[in-house]
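Work through the exercises below with the sequence and the model at hand. Each task is followed by a stepwise solution.

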Amino acid sequence: MIVEEKLNLRLAKKRVKENLTLLENTGQTIENIFNITFIHPNFTFFNCLKNSKVKELTYSEIKQQVFNFAKYFSQNIPTPTKYVGLLLGNSPTWVSCFYGLLMSGFVPILLSTLNSIEENTRIMNQLKSEYLITDFKNYN
């Protein structure tokens with residue numbers, strides 16, 4: 001490992017310990033977890049490759065996405081609905097949709113592409129959910 005990577009790893013471990021200490025000293029509600037998660041707005045949340053360039057997303061950008069999704073879900077999913085399926089790969093969008101659903105009063109059903117369509121459908125039917133958030137076009 002190069003020196004910079006070691007330093008970044010040490011800083012990340014320090015932040016995780018600080019966040020765990022903060023969480024231990026608060027009521028461990030989803031709201032507190034959210035607030036502690038996004039306590040450092042300018043830190044990097046996610047890096048991805050876009051057009052052969054590294055695109056960096058900060059915690060503040062993801063937090064804004066959460067609020068945008070919450071507003072969208074509130075306006076576009078009827079209120080009698082309680083459960084909403086969430087079938088996304090591991091990504092910043094998953095985090096934004098998860099918190100956005102919670103903020104708009106819905107209970108996310110965390111579904112997996114490792115399950116068959118039939119299994120995920122059974123889970124959705126069991127919970128009487130009519131709404132699914134996904135980006136999988138050819139899910140098998």
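The exercises cover confidence, a helix pair and a strand pair.

This is a predicted model in which local features need pLDDT of at least 70, side-chain atom pairs count only at pLDDT 80 or more, and totals for chains, interfaces and linings use all residues. Residues are numbered from 1 along each chain as its sequence is written, and side-chain values use heavy atoms, with hydrogens and water left out.

**Exercise 1.** State which elements have the lowest and the highest mean pLDDT.

Step 1. pLDDT is the predictor's confidence in each residue, from 0 to 100; the chain mean is 89, with 96% of residues at 70 or more.
Step 2. Helices (H or I, at least four residues) and strands (E, at least two) are DSSP runs, numbered from the N terminus.
Step 3. Helix H1 (residues 3-24) is lowest at 82, and helix H3 (residues 59-76) is highest at 97.

**Exercise 2.** Classify the packing of H3 against helix H4 (residues 92-103).

Step 1. Their axes (lines fitted to C-alpha atoms over the stretch in contact; angles from 0 to 180 degrees between N-to-C directions) come within 7 Å and cross at roughly 50°.
Step 2. H3 is therefore oblique to H4; angles under 35 degrees count as roughly parallel, over 145 as roughly antiparallel, 65 to 115 as roughly perpendicular and the rest as oblique.

**Exercise 3.** Describe how strands S1 (residues 44-50) and S2 (residues 53-58) are joined.

Step 1. Strands pair if DSSP finds at least two bridges between them; S1 and S2 run antiparallel with six.
Step 2. Threonine 44 has threonine 58 in S2 as its bridge partner.
Step 3. Two residues separate the strands of this hairpin, and asparagine 51 in the turn has a positive phi of about 55°.
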